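Here is a short report on charged side-chain pairs. It looks at how they meet and how accessible their partners are.

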Number of protein chains: 2
Amino acid sequence: MGKASRPTLNRRKLPRQARSAVTVDVIFEATIQVLLSDGPIRLNTTRVARRAGVSVGTLYQYFPNKQALLFAVLERHLAVLADAIAKACDENRCATVEKIAETVVKAYLNARMAQAEVSPALALVAMELDARELIDAALRRSEKAIETMLSTASDSRFVDPRVIAQTITAVIYGTVPAFCQRVMSPAARREAEKQLTIMFRSYLIAQRSSAAEARRATTPSSR
Amino acid sequence: MGKASRPTLNRRKLPRQARSAVTVDVIFEATIQVLLSDGPIRLNTTRVARRAGVSVGTLYQYFPNKQALLFAVLERHLAVLADAIAKACDENRCATVEKIAETVVKAYLNARMAQAEVSPALALVAMELDARELIDAALRRSEKAIETMLSTASDSRFVDPRVIAQTITAVIYGTVPAFCQRVMSPAARREAEKQLTIMFRSYLIAQRSSAAEARRATTPSSR
DNA sequence: TCCAAACCTGAAGAATGCTTCATATATCCG
DNA sequence: CGGATATATGAAGCATTCTTCAGGTTTGGA
C-alpha cells in the first residue's frame, strides 16, 4: 500500500495545568463517543470538539492533527487490553491447563466487553494510520504474558510455548471482536465463551510435550 | 450506533451493452486497486473513476452514490469467500476429523490470501455501511457448509455440529485477517496454518460425542 | 496587584469530496 | 441511412473537513 507521507503525530503541547489535563481526557472520551455514535468514517475533529464541549482550536492545541489524536486514542485502548491479559496471566502462574484456557478467554472477553464496539472500529482506524507497530507491540506483549504462564503450568510441559502463545493470541485478538459485534443473548455469549475455552484447552492438551511427541511419531509429516 | 438515514443503494442503471458491462467491471476492479494503494479512508469516487479510466459521471451512471459502489464491492467479495468455503466443504463429505480441520483452514486461507489486504479494508467499509446483514449472511453460509461437513464425518459423531461450526467460523473469520496482515515468511505462515489446524482438530476431537459426554461426566458444570 | 504564561475560542480560508447535468459520442435496429 | 436509445464526459456547484491564528480568558507566582 502506497501511503501519503506520514504527518507528525507528536503532541503540539503537553498539558501543564489540571484543567488542561482534564480537557485532554474529555477530548479522548469524546473521540470514543463519536466513534460509537457516528462510526469511523464520520469521525472528525469538528464533531469531537463539539462533543467534548471545547473549541476545535483547543483540540489542535494538544494534537497536531487528526491522525495524532486517533493514534493516541488507539494507543490507550491497546494498553488497556494488553494490561488486562498480562494481569490475568500474572495471577495465574502454576495453573492447570484448564485454568489457563479459561483465564485467557475470560480476561480478553472482559476487557473487550467493557468497550465492545470500540475495538473493531479502532482496529480499522489503525489500518489507515499505519499503526502496525503499535498493534504488534500489544500483540507481542500478550504473547509474552501467555507464554510465561504456559511455562509455569502445573500439570503440563509444552514443547514450544511461544508458538502456542502466538496462535492463541492471534485467535483471541481476531475472534473476540466478531463475538462482541454480534447481537447475542447472554446465554449465547456464555456458550461462545465456553466453546472458545474448550478449543483452547484441547489445543493445549494436544500441544503438551508427551502428546505432541506421540503425534509426531504416528503422523507422517507432509510439510 | 446511531447512523444517518441510509441512502439508496440500488443501481441507477443496469448495463445494457457489452461495453457498459465491461465498464462496470473495470470500476469494480479500480475500486479494489484504490483500496489497496490508498487505503479505505482515501478511497473516493474521483480516484476510482480516474483509476478506472472513466469519467466520474459514468461511475454515477451505474451507482447512485459512493456507498452503493462500496456495498456492491463488498457483496462480491463476501460471495467469493463464502463460495470457497462451501466448495471445499462439499468436496470433503465423509472425511476424517483431520481432513475436516485441514479443509477449513486451507480453504479460507487460500481464499483470503488471494486478496489479503482487501478484506480488512472492506470490513471498515462494511462497518460504515451498516452491512451487518451482508456479513451475517456470509457467516451463516459458511457455518452451514461446515456444519453439513461435520455431520458427514467418517470417523466421528458430534453432539452439536452447529455450535462447533459457529465457533470455527468465528475463529477463521476473525483470525485469518490477522495472519494475512502480518509480515510473515512462507515458513512462518505454514507454521501458523499448522497450528490453526491442530487447534481445530483437537477441538473437534474434544467435541466428539463420546469425548464430550465423558467430559461432562467428570467435570462439574459451574454455569 | 500585576504580568507572563497557560489555556481557550471560533471564524475564516484552503482543500477536498460528492454529486449533478448539459453536452457529446457510440450503438442498434427498422 | 437516420433516429432513438445507450453510454460517456468533466466542469461546476455545493457541502464538508482540516487547520490556523488573531484575540480573549484564566492561572500562578513574584
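Partly exposed means a relative accessible area between the two cut-offs: under 20% counts as buried, over 50% as exposed. The model is predicted.

By this definition B:Asp90, at 47% relative accessibility, counts as partly exposed. Its partner is B:Arg93: the two side chains meet in a salt bridge, N to O at 3.3 Å. B:Arg93 has 40% relative accessibility, so this residue is partly exposed as well.

Over all chains, the salt bridges number 14. Three of them are set out here.

| Salt bridge | N to O distance |
|---|---|
| A:Asp38 and A:Arg47 | 3.3 Å |
| B:Asp38 and B:Arg47 | 3.3 Å |
| B:Asp90 and B:Arg93 | 3.3 Å |

Take chain A next. A:Asp38 pairs with A:Arg47 through their side chains. A:Asp38 has 14% relative accessibility and therefore counts as buried. A:Arg47 reaches 24%, so this residue is classed as partly exposed.

Now chain B. Which residue forms a salt bridge with B:Arg47? The partner is B:Asp38, with N to O at 3.3 Å. Is B:Asp38 buried or exposed? B:Asp38 is buried, because its relative accessibility is 13% and the cut-off for buried is under 20%. B:Arg47 lies at 24% and so counts as partly exposed.

Definitions and conventions
Residues are numbered from 1 along each chain as its sequence is written. Chains are lettered from A and ligands numbered from 1 in the order in which they are written. This is a predicted model: local features need pLDDT of at least 70, side-chain atom pairs count only at pLDDT 80 or more; totals for chains, interfaces and linings use all residues. Side-chain values use heavy atoms; hydrogens and water are left out. A salt bridge is a side-chain nitrogen of Lys or Arg within 4 Å of a carboxyl oxygen of Asp or Glu. Buried means under 20% relative accessible area, exposed over 50%, partly exposed in between (1.4 Å probe, protein chains only).
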